[in-house]
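Biologist: I'm new to this one and would like to learn how to read it. Could you put it on the screen and walk me through it?

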Amino acid sequence: MTPPTRHYEQEIQDFLDGRLAEPERTRLAEHLAGCAQCRAELEALKWLKLEVLGQLPRDAVPPALTARVRAGLDAEAAGAGAQRDGLRRASFRPFRWAAAAVLAAAAFLVLLFVWRPASPDLPERVARDFAEFTAGRLPLRIEAREPRAIEEFFAQNGVPFATRVFDLAMMRYELLGGRVHRLGGHQSAFFVYRGADGRLLICQMYQGSLTELPPADEIREHNGITFQVHRRGGTTVVFWQEGDLVCVLVSDGPSESVIDLAFAKAVKV
């Protein structure tokens with residue numbers, strides 16, 4: 001076989017993407033059979049365009065994003081090819097690993113600035129926290145019956161906002177204690193009550209917005225405050241906004257009772 005007299009670069013990209021027309025496609029295929037350097041370049045591009053994108057989680061990345069990443073790779077490859085055409089007149093570089101790194105960086109930048117992960121299902125996480133606490137896997141860091149003691153604990157342990165822990169004794173709920181917690185990406189004040197029937201009621205407060213929540217199962221209005229009601233399994237999760245804070249109550253008690261407790265606890269700011 002006649003030794004190759006030139007090396008293909010941009011043509012390999014077009015060949016891989018199915019954009020190379022005949023007779024150039026046949027000519028390049030014959031060239032690849034005898035040129036180890038161009039075959040290696042083809043394999044590098046296959047890895048970038050097929051393997052890297054193939055490792056992305058399919059359920060988290062929309063198809064439109066995948067198309068944009070591929071377009072970004074194509075554009076970067078075309079630009080890199082044009083730059084190499086000028087450099088080739090001065091010297092020949094035996095392999096294009098540096099260009100492969102540029103393409104990988106392009107893919108990363110597209111993902112960084114375009115893709116955003118889906119918002120966490122905060123009602124689901126609240127319900128999960130309730131189940132974890134009920135099972136004894138989420139311990140209290142302070143056990144106290146006085147709201148003021150728990151508020152001071154939060155202030156001394158890095159909660160960056162003023163908390164409001166209410167005494168619900170008149171509603172037959174005993175305060176048990178609290179912990180500094182994480183809810184999604186938020187630091188939260190987490191405190192627990194136990195009702196006369198032994199059922200638990202957990203409240204969390206964090207800096208955020210109701211707009212982060214998925215669509216509610218039910219919307220209630222009371223005293224000018226909007227309450228979002230979410231049901232997860234056997235629990236009722238009620239969110240409402242107080243200034244820049246979001247408050248949430250969760251319990252496995254009767255749904256209307258949990259909603260009424262949220263009405264009683266909410267403060268219009």
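Biologist: Let me start with a pair of side chains: which residue's side chain does a polar contact of 2.8 Å join to that of H186?

Modeller: A polar contact is a pair of N or O atoms within 3.5 Å; within protein, one must be able to donate a hydrogen and the other to accept it, and residues adjacent in sequence count only if both atoms are side-chain atoms. Here the partner of H186 is E212, with the two side chains joined at 2.8 Å. Keep in mind that this is a predicted model, where local features need pLDDT of at least 70 and side-chain atom pairs count only at pLDDT 80 or more, while totals for chains, interfaces and linings use all residues. Residues are numbered from 1 along each chain as its sequence is written, and side-chain values use heavy atoms, with hydrogens and water left out.

Biologist: Is H186 buried or exposed?

Modeller: Buried means under 20% relative accessible area, exposed over 50%, and partly exposed in between (1.4 Å probe, protein chains only). H186 counts as buried because its relative accessibility is 15%. E212, at 31%, counts as partly exposed.

Biologist: And where do H186 and E212 lie?

Modeller: Helices (H or I, at least four residues) and strands (E, at least two) are DSSP runs, numbered from the N terminus. H186 sits in strand β3, whereas E212 is in the loop between β4 and β5.

Biologist: Which residues does H186 touch, leaving out those up to four places away in sequence?

Modeller: Contact means heavy atoms within 4.5 Å. By that rule, H186 touches H181, Y206, Q207, G208 and E212.

Biologist: What else does the side chain of E212 reach?

Modeller: One of its polar atoms lies 3.0 Å from the backbone nitrogen of S209. S209 has a side-chain partner too: a polar contact of 2.8 Å joins it to T211. T211 is in the loop between β4 (200–207) and β5 (218–222), and counts as exposed at 71% relative accessibility.

Biologist: How far apart are E212 and L122, in sequence and in space?

Modeller: They are 90 residues apart in sequence, yet 8.1 Å apart in space, C-alpha to C-alpha. For the chain as a whole, take the contacts between residues at least 6 apart in sequence: 57% of them join residues at least 24 apart.

Biologist: L122 brings us to α6. Which of its residues are buried?

Modeller: L122, P123, V126, A127, D129, F130 and F133. Seen down the axis of α6, these buried residues fall within an arc of 155°, so they line one face of the helix; the arc is that of the directions from the helix axis to the C-beta atoms. They pack against β2 (173–183), β3 (186–195), β4, β6 (225–232), β7 (235–242) and β8 (245–251).

Biologist: What span should α6 have, going by its residues?

Modeller: The expected span of a helix is 1.5 Å times one less than its number of residues. The 13 residues of α6 (residues 122–134) should span 18 Å, and the end C-alpha atoms are 18 Å apart, which agrees.

Biologist: Which residues are buried in α7?

Modeller: In α7 (residues 147–156), they are P147, I150, E151, F153 and F154. They cover an arc of only 155° around the axis, which puts them on the same side of α7. On the other side, R148, A155 and Q156 are exposed. The buried residues of α7 pack against β1 (142–143), β2 and β3.

Biologist: At what angle do the axes of α1 and α2 cross?

Modeller: Axes are lines fitted to C-alpha atoms, for helices over the stretch in contact, and angles run from 0 to 180 degrees between N-to-C directions. The axes of α1 (residues 10–17) and α2 (residues 24–34) cross at roughly 110° and come within 11 Å. That makes α1 roughly perpendicular to α2; under 35 degrees counts as roughly parallel, over 145 as roughly antiparallel, 65 to 115 as roughly perpendicular and the rest as oblique. The contact is made by E11, I12 and F15 of α1 with E24, R25, L28, A29 and L32 of α2.
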